Amino acid sequence: MSTEPYLDADPSAQTGAATPTNARKVFIKTYGCQMNVYDSDRMSDALSRDGYVATETMQDADLVLINTCHIREKAAEKVYSQLGRLREMKKARAAEGREFMIGVTGCVAQAEGEEILRRAPAVDVVIGPQTYHRLPEALKRAKAGERVVDTEYALEDKFSHLPRAEEARTRSRGVTAFLTVQEGCDKFCTFCVVPYTRGSEVSRPLAQVMEEARNLVSAGVRELTLLGQNVNAWHGKDEAGRELTLGDLLYRLAEIPGLARLRYTTSHPRDMDERLIAAHRDLRLLMPYLHLPVQSGSDRILKAMNRRHTAEDYVALIRRIRAARPDIALSGDFIVGFPGETEEDFEDTLRLIQEVGYAQAFSFKYSIRPGTPGAELEDQVDEDVKSARLERLQALLLRQQQAFNESRIGMEFDILLEKPGRLEGQLIGRSPWLQSVNVTGRADEIGSLVRVRIESTGANSLFGTRI
Ligand code: 5AD
Ligand code: SF4
């Protein structure tokens, strides 16, 4: 079981390419959610228009961008310690007379703004998630000696200014790709900074999403994961002006020839509408796996969190989804130690987990985020109580995950071959439920769906034979 859905440093986000030796090089280090991974790729595309090439090592770079996450305290602190190390690198470069620029992007940039320049004097530019298309211009200003902070909520739509994924077609793309369809959140859960860092909910128009999806598929992508902080709040209009929701979008995307699989993340229980549930029933391409965070199983805590549903609402919703798609597996997010959480509240969460049964889950100790309503609450829970609860919760979730993996033994299903395995002649594929599956195969089979039977399970993956 993962305790950290969020990245420390995702190698896939550090896009590399064969490069002319004299080009300026950018290294992007990505923290946080998949939306940051997507944004890092778009920034990399925008900079390549400006003559930069991506490099896979920080030592090699002329420009380092730290794409940050602000969701929990630890994440933000990591950024400052990283910036301390970069400052040393900048000093060493200056001694050699070489340029070295440092940019901070993402949610810490948005939340801290000017404060970053004060705390980290080596930083040249600070850019929030809504203004990435202005990054090349900000770098020019920084080169002229200015220290730039741009964290406006730009009125223009960043997606129509950033190069789309298709411009990166010459770059080698994997079999799977993320596609951001929605950004921001209007839900204001009392623990969460997202509504403040990413702003209010914005959906990308249908035509833009369809175009990007078609381009990705024609570049060889077989599986698309639609992204949004609140992806199932996506809404748009069709050609005739009729209102569409995420379910409708999935029906449309499922028609794209060559596309093999669809997923979406992350969803809020309140936005799981009938159309989306119907999509799970009808669409073979839509994978039977749903990340549907509940955070707590206690009605009192859910209310204090402003989740605007009860534990029973959630369980009833899962029942409806399972009735539509019996093989669906659930994943969730949980917070322990929200202010005022008692032992009984916590046991309600354990009970809910028992009742639902998760294939995977991410769980966290509540972390105070300044500026959110939760930070103002009295009855903050002691750190050691939080740790003890987290340990119990994770033990239960780990048992459920192992049971889920073991329940696949003997099953036959299609996996999507994604990359070479560790050993010669082996490939790693992905099950419908996001599990890695090791099988034999040739490199030229990457990108195909193949049928396997699961023989055994390892710590983090399954072992299959081809049939
Ligand atoms: N403390 C702990 N966990 C949090 N999350 C969001 N904000 C906080 C916080 N202040 C968790 C939630 C959310 C996931 C992305 O991160 O579980 O679903
Ligand atoms: Fe944060 Fe709640 Fe919005 Fe999710 S739904 S991003 S937890 S405010």
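The questions below take the helix pair, then the sheet.

This is a predicted model: local features need pLDDT of at least 70, side-chain atom pairs count only at pLDDT 80 or more, and totals for chains, interfaces and linings use all residues. Residues are numbered from 1 along each chain as its sequence is written, chains are lettered from A and ligands numbered from 1 in written order, and side-chain values use heavy atoms, without hydrogens and water.

Me: At what angle do α12 and α13 pack?
Reply: Helices (H or I, at least four residues) and strands (E, at least two) are DSSP runs numbered from the N terminus. Axes are lines fitted to C-alpha atoms, for helices over the stretch in contact, and angles run from 0 to 180 degrees between N-to-C directions. The axes of α12 (residues 311-324) and α13 (residues 343-356) are 11 Å apart, and the packing angle is about 10°.

Me: Which word describes α12 relative to α13?
Reply: Angles under 35 degrees count as roughly parallel, over 145 as roughly antiparallel, 65 to 115 as roughly perpendicular and the rest as oblique. The angle here is about 10°. So α12 is, relative to α13, roughly parallel.

Me: Which residue in β13 stands opposite Glu 223?
Reply: Strand β10 (residues 223-227) runs parallel to β13, joined by five bridges. Opposite Glu 223 stands Arg 261.

Definitions and conventions:
Two strands pair if DSSP finds at least two bridges between them.
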